[in-house]
Amino acid sequence: MSLLDYYRQFEGMSEEEVNAGLREEAIERKRKALMRVQTLDLSQTTWPELPHPSIVGAITFVARRGMQRYPHLRGSQLHDELAERHGVDPARVILGNGAAELLSSAARALIEPGQRLLSAWPSYPLFPIMARRAHGQAVRVPGGVDALLEEAREPGTRVIAIASPNDPTGELLATGELERLLAGLPDDVAVLLDESLVEFADAQPVNSSLELASEHSRLFVVRSFSKAWGLAGLRVGYAIGGPGSEELLAELQPDLGVSEVSQAGALEALRTCSEIVARRVAAISRERTAVTDGLRERGFEVADSQANFVWAAHPAIDGGELSARLARAGILVAGGAALGEPRHVRIGLRDSTASGRLLDALDKSL
Amino acid sequence: MRTDPSDNGGLFVGRRPGTAPVHFRGLPQRGSELRRRVDGSLAGILLAGMVMLSLLCWGPIPIACLWIAAQVNYLSGSVSLGIFVAFVGLFVLLFGALAILRRLDQAWILVRRAAGHDQRTGVLGRVFAVTAVICGGAFVLWFVLIHGPGSNVMPGNKP
């Protein structure tokens, strides 16, 4: 460094130069922020949006009123509202801490050690787990109602667990098929029908299975506020049984009930957010069609989904590889390996922007 | 009336306007302790040079210009030419000296920073003010005590 350069390094920048530098830094920050693409998480089946403010308000109101009491076991407003909405005897409705807990409780109540729980496969991964927790035997049955009926004739079969729409395939069990299953089962086999995703289905009336429950005492329909209602964090679900199932239902409900805070949120959702849910369902229906068509055009095998996701497989690419490629493009999908079918991926549905981004990423990834 | 923008009762944490730290283009590589001392001495020399040059502006330069103008007047016999030369000479020499002073001031700032001081402003204004007082005082002393105004009240040393 020369002598003059040594002293020139102590020259300060003028205010204009400093401001110009700051402006350039701000422009660069803005450019980077605009270039940053948020990861699109399509691996979950829960609703991605925040709950409606009125739900948060109802929860806050109850929380501020005091939480020193135990919640109501029976006769709560939510319980009565659900019974009235579905047109069933309140004694045939119970609340639980989410559909999963109700299904597990039902499995424990129904299955004696060593008895069998059948579930169509691939299906909700909790089904085999809840059989093991009840010291029973989980039997995975690939195929439809006929396969289940055949397997149910094996001695020791006690419960059939079905998700409709099924997670992860999204397929809906038609009311006629369910009726055929109930009619063909041995007398001592109960059916646990997990309808956590049923609000997204538009192929048949949402409450058609409840009409069957009124005729078949061994059918237990379990629903949830976690999916279309977007309240997974509240852990509220409910079960509806047939006539004569009241005693069993009483066994299934949580020992100290469901949190009043959670009940308040779910009740507010029922009263004020039905239209919002209807709009969500309509939007999901549109995206389901668009994504299914788009995937099939790209050579995918896609199950006929009635849920807020699609179950797809590419003939040439393994599900794990496909999910890894999409992850590199900033899109997360659920690989099929953990859901019972490694060739597949489960792709959640959002809006048209997400669908477009997904299909673009697939075009680049394939 | 409060006039200090940063006197806000502690509500905001800010800095007084005009007191921002110096922004360098790159982190300066400072010299050794010896070099800093040398730079400190160099800053003193530059300051002394500025004082000297500033003193020239208040006396010797105008006198020199008047002397040159008188010589021109004597040689050419033209008063106007003498006045013109005096003005041009004053203009060139004073503004030249000011330009040099400004450069010296900038150099003094850099050398002070190199010596390790957080020098944000120059010293030219203060040097000019101080030398003006010194020269003004010296002129008053010379005028009153040595040369005299030539009045009846203070006759001075006229024969």
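Trainee: Two strands pair if DSSP finds at least two bridges between them. How many bridges join strand 6 to strand 7 in chain A?

Mentor: Four, and strand 6 and strand 7 (residues 219-224) of chain A run parallel. Helices (H or I, at least four residues) and strands (E, at least two) are DSSP runs numbered from the N terminus. This is a predicted model, where local features need pLDDT of at least 70, side-chain atom pairs count only at pLDDT 80 or more, and totals for chains, interfaces and linings use all residues. Residues are numbered from 1 along each chain as its sequence is written, with chains lettered from A and ligands numbered from 1 in the order in which they are written.

Trainee: Which residue is the bridge partner of A:Val191 in strand 7?

Mentor: A:Leu219. The chain gets from strand 6 to strand 7 of chain A through helix 9 (residues 208-215), in a right-handed β-α-β crossover; that is, with the strands pointing away from the viewer, the path from the first strand over the helix to the second runs clockwise.

Trainee: And how many bridges join strand 5 of chain A to strand 6?

Mentor: Five bridges, with strand 5 (residues 157-163) and strand 6 of chain A running parallel. A:Ile162 stands opposite A:Leu193 of strand 6. Strand 5, helix 8 (residues 175-184) and strand 6 of chain A also make a right-handed β-α-β unit.

Trainee: Is strand 6 of chain A buried or exposed?

Mentor: Five of the five residues in strand 6 (residues 190-194) of chain A are buried, meaning 20 or more other C-beta atoms, placed from the backbone, within 10 Å of a residue's own. On one side sit A:Ala190, A:Leu192 and A:Asp194, on the other A:Val191 and A:Leu193.

Trainee: What order do the strands of the whole sheet take?

Mentor: In chain A, 2-8-7-6-5-3-4: seven strands in an open sheet with mixed pairing. Strand 2 (93-96) and strand 4 (137-141) of chain A are the edges, each pairing on one side only. Strand 3 (residues 116-120) of chain A runs parallel to strand 5 of chain A, with four bridges, and A:Arg116 stands opposite A:Thr157.

Trainee: Switching to the core. Which residues have the most contacts inside the largest one?

Mentor: A:Leu103, A:Ala107, A:Val159, A:Leu192 and A:Ala239, in a nonpolar core of 102 residues. Such a core is a set of buried Ala, Val, Leu, Ile, Met, Phe, Trp, Tyr and Cys residues joined through C-beta atoms within 7 Å. Helix 5 (residues 99-110) of chain A gives the most to this core, seven residues.

Trainee: What does A:Leu103 touch?

Mentor: Leaving out residues up to four places away in sequence, A:Leu103 touches A:Leu126, A:Met130, A:Ala161, A:Leu192, A:Asp194 and A:Val222. Contact is C-beta atoms, placed from the backbone, within 7 Å.

Conventions: Buried ≥ 20, exposed ≤ 12 C-beta atoms within 10 Å, placed from the backbone. Contact = placed C-beta atoms within 7 Å.
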